[in-house]
Amino acid sequence: MKVIVPVKRVIDFNVKVRVKTDGSGVDLANVKMSMNPFDEIAVEEAIRLREKGKTTEIIAVSIGPQQASETIRTALAMGADRGILVRVEGEVEPLAVAKILKAVCDAEQPGLVILGKQAIDDDSNQTGQMLAALLGWPQATFAHKLEMGDGKADVEREIDGGLQTLEVKLPAIVTTDLRLNEPRYASLPNIMKAKKKPIDEKSPADYGVDIVPRLKVLKVTEPPKRVAGVKVKTAAELVDKLKEIGAI
Amino acid sequence: MASLVIAEHDNKSLKDATAKTITAAAQVSAPVHVLVAGSDCGAVAEAAAKLSGVEKVLVADAPLYAKMVAEPMEALILSLVPAYDAILAPATTNGKNFLPRVAAKLDVPQVSEILKVLSAETFERPIYAGNAIATVQAPAGKKVITVRTTAFKAAETSGSAAVEKVSAAPDPSVSKFVGEELSKSERPELTSAKIIISGGRGMQSGENFHLLEKIADKLHAAVGASRAAVDAGFVPNDYQVGQTGKVVAPELYIAVGISGAIQHLAGMKDSRVIAAINRDEEAPIFQIADYGLVADLFKAIPEMDAELTKLGY
Ligand SMILES: Cc1cc2nc3c(=O)[nH]c(=O)nc-3n(C[C@H](O)[C@H](O)[C@H](O)COP(=O)(O)OP(=O)(O)OC[C@H]3O[C@@H](n4cnc5c(N)ncnc54)[C@H](O)[C@@H]3O)c2cc1C
Ligand SMILES: Nc1ncnc2c1ncn2[C@@H]1O[C@H](COP(=O)(O)O)[C@@H](O)[C@H]1O
């Protein structure tokens with residue numbers, strides 16, 4: 001069984017973004033970019049499945065600019081077998097990404113696709129669910145624990161009230177939550193080995209997908225700022241202040 | 001036409017998130033209809049019928065919908081979609097789970113977690129952990145929207161809408177609910193509490209969260225946590241506040257032993273009043289706190305507790 005892991009190149013989670021003064025977006029020039037953290041968790045989970053003999057091949061797919069091949073290399077260094085870079089310039093929205101991924105799935109016939117639950121740049125939390133719908137497959141989002149069975153998977157999910165377990169028939173879509181695993185770092189020998197692993201380069205046209213964004217971004221602005229208030233000296237003073245302003 | 005709001009509930013009670021989503025829906029396309037999909041959920045439908053601005057409540061009452069599993073929800077919503085020009089759900093783990101499937105099937109983009117309705121097709125939504133706000137315009141055609149409920153007031157309860165049964169859609173039979181482990185608490189829910197006290201890595205253990213619980217009980221507050229506290233196993237995952245956890249905006253948020261990472265701030269910076277207790281005076285949480293106390297929490301929290309007792313809480 002093949003596993004596909006879509007990985008997105010995003011601004012590093014430690015970077016505080018700056019909104020461009022002309023309102024056209026955020027400033028990404030000379031900013032550190034990394035693999036979306038949830039996608040690292042997805043790659044790690046796929047590798048653990050292989051270690052348990054549940055999968056034969058792991059394919060990392062990224063839709064993005066030329067530099068997204070570095071993100072794929074990171075996945076290959078962690079342990080993925082090969083990559084597919086679907087080259088696009090500019091923003092691609094979740095629906096278009098899902099359509100491209102559907103075409104990749106049609107061609108590769110994976111038993112499982114593991115995505116991140118959310119890209120930390122657009123914060124959409126849509127792509128996995130959309131892909132599942134387009135393929136007509138079941139989904140288990142926000143995965144906390146994944147157990148592969150015979151033709152099915154049991155997935156424990158992080159939900160608002162706690163945890164929920166679903167059984168999904170394979171092929172299926174899983175999206176990762178933070179507690180699924182702790183991703184490994186790639187070792188130096190594996191980084192070297194990854195340089196020889198193949199990355200196929202494609203274009204959206206190869207899959208017949210129109211990627212023109214349908215949701216138009218009219219402008220991007222800064223949120224209202226909060227300013228630091230006062231320091232209190234003791235816990236008792238804190239309580240008194242909170243009472244004074246009617247907060248308690 | 002009209003908008004359809006998918007109700008958030010647990011088959012017994014209607015969640016506050018629904019009333020807030022109705023307010024957003026009324027601004028997108030009135031009248032508003034509410035779909036209650038559940039099992040033995042009559043009481044929920046009745047509660048929804050009382051919300052102002054709701055013209056009709058549709059009830060799909062079948063065991064298939066008891067846990068709002070995504071695939072049957074997709075089929076049900078798609079069977080009702082022709083009568084609506086906007087479909088909305090609160091951005092809960094349920095809404096986030098099933099709604100993008102509906103959008104994909106309708107071949108429209110989903111607008112996630114809207115903060116503001118500027119017109120029937122333009123919305124504000126947060127990106128980059130809320131460090132930027134995008135104004136987006138959805139294309140002509142049906143709108144599929146999840147709503148950040150902290151950004152909208154709840155609809156009032158002076159309505160009396162008609163309740164109508166709708167039939168279940170065929171079961172796609174590709175997934176099955178197996179079980180759940182829900183956190184039980186007598187305290188208010190995080191997303192509807194007026195006061196929240198949250199603990200971070202500085203709490204050092206799950207045991208120590210009792211210190212916060214004592215204060216929570218005095219203030220009728222909910223207890224929350226940072227990701228670090230959840231990852232360390234101090235508290236369950238549903239306590240997590242932040243970019244990738246719950247977004248809250250209570251009257252008062254007290255952060256204890258939390259540094260104030262971007263991802264945590266994303267989930268609580270719209271609280272009316274923020275208080276922070278941290279022994280590191282450089283902790284970023286102090287940059288947004290209205291009241292900051294630089295102290296060891298293991299000393300400060302018992303003192304706070306004692307002061308509250310003294311004041312009769
Ligand atoms: C993809 C992604 C998603 C994330 N999503 C979230 C999210 O949704 N929510 C979230 O919270 N985080 C999230 N994070 C994690 C975030 O980046 C931080 O790592 C996390 O918020 C830190 O938690 P903390 O403040 O409890 O721990 P730390 O940053 O370790 O801070 C602990 C604080 O406690 C203080 N302290 C220690 N001991 C004491 C004491 N005795 N008395 C007083 N103060 C004390 C310290 O001074 C310090 O400031 C996410 C990260 C990633 C990569
Ligand atoms: N451009 C992309 N290339 C590869 N994977 C993507 C891309 N965009 C989104 N994804 C996947 O979809 C997940 C959810 O993204 P989103 O729906 O944008 O929040 C991510 O964690 C990735 O696994």
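**Ligand sites and the chain interface**

Guide: A polar backbone atom of G116(A) lies 3.0 Å from an oxygen atom of ligand 2. This is a predicted model, in which local features need pLDDT of at least 70 and side-chain atom pairs count only at pLDDT 80 or more, while totals for chains, interfaces and linings use all residues. Residues are numbered from 1 along each chain as its sequence is written, chains are lettered from A and ligands numbered from 1 in the order in which they are written, and side-chain values use heavy atoms, with hydrogens and water left out.

Ligand 2 has 19 residues around it (a heavy atom within 4 Å), and D39(A), I63(A), A119(A), N125(A) and T127(A) come nearest. The side chain of D39(A) places an N or O atom 2.5 Å from an oxygen atom of this ligand, and a polar backbone atom of Q126(A) is 2.9 Å from an oxygen atom of ligand 2.

Ligand 1 is surrounded by 28 residues, the closest being R201(B), S226(B), Q240(B), S259(B) and N278(B). Its site is shared between chains, because residues from chains A and B surround the ligand. N278(B) brings a polar side-chain atom to 2.7 Å from an oxygen atom of ligand 1.

Turning to the interface, 80 residues of chain A are in contact with 86 residues of chain B (heavy atoms within 4.5 Å). The buried area (accessible area, 1.4 Å probe, lost on being put together and summed over both parts) is about 7,000 Å², with carbon and sulfur atoms giving 55%. On the chain A side, D160(A), L215(A) and R226(A) lose the most area to chain B, together 11% of what that side buries.

The rule finds five salt bridges across this interface (a side-chain nitrogen of Lys or Arg within 4 Å of a carboxyl oxygen of Asp or Glu). R214(A) forms a salt bridge with D107(B), with the closest N and O atoms 3.6 Å apart.

The chains also join through strands, which are DSSP runs of E of at least two residues. β13(A) pairs with β16 (residues 291–294) of chain B in the parallel sense over three bridges (pairing requires at least two DSSP bridges). Within that pairing, K231(A) has G292(B) as its bridge partner in β16(B).

How values were computed
Buried area = accessible area lost by both parts, 1.4 Å probe. Helix = DSSP H or I, 4+ residues; strand = E, 2+ residues; numbered from the N terminus. Polar contact = N/O pair within 3.5 Å; in protein donor to acceptor, adjacent residues only side chain to side chain.
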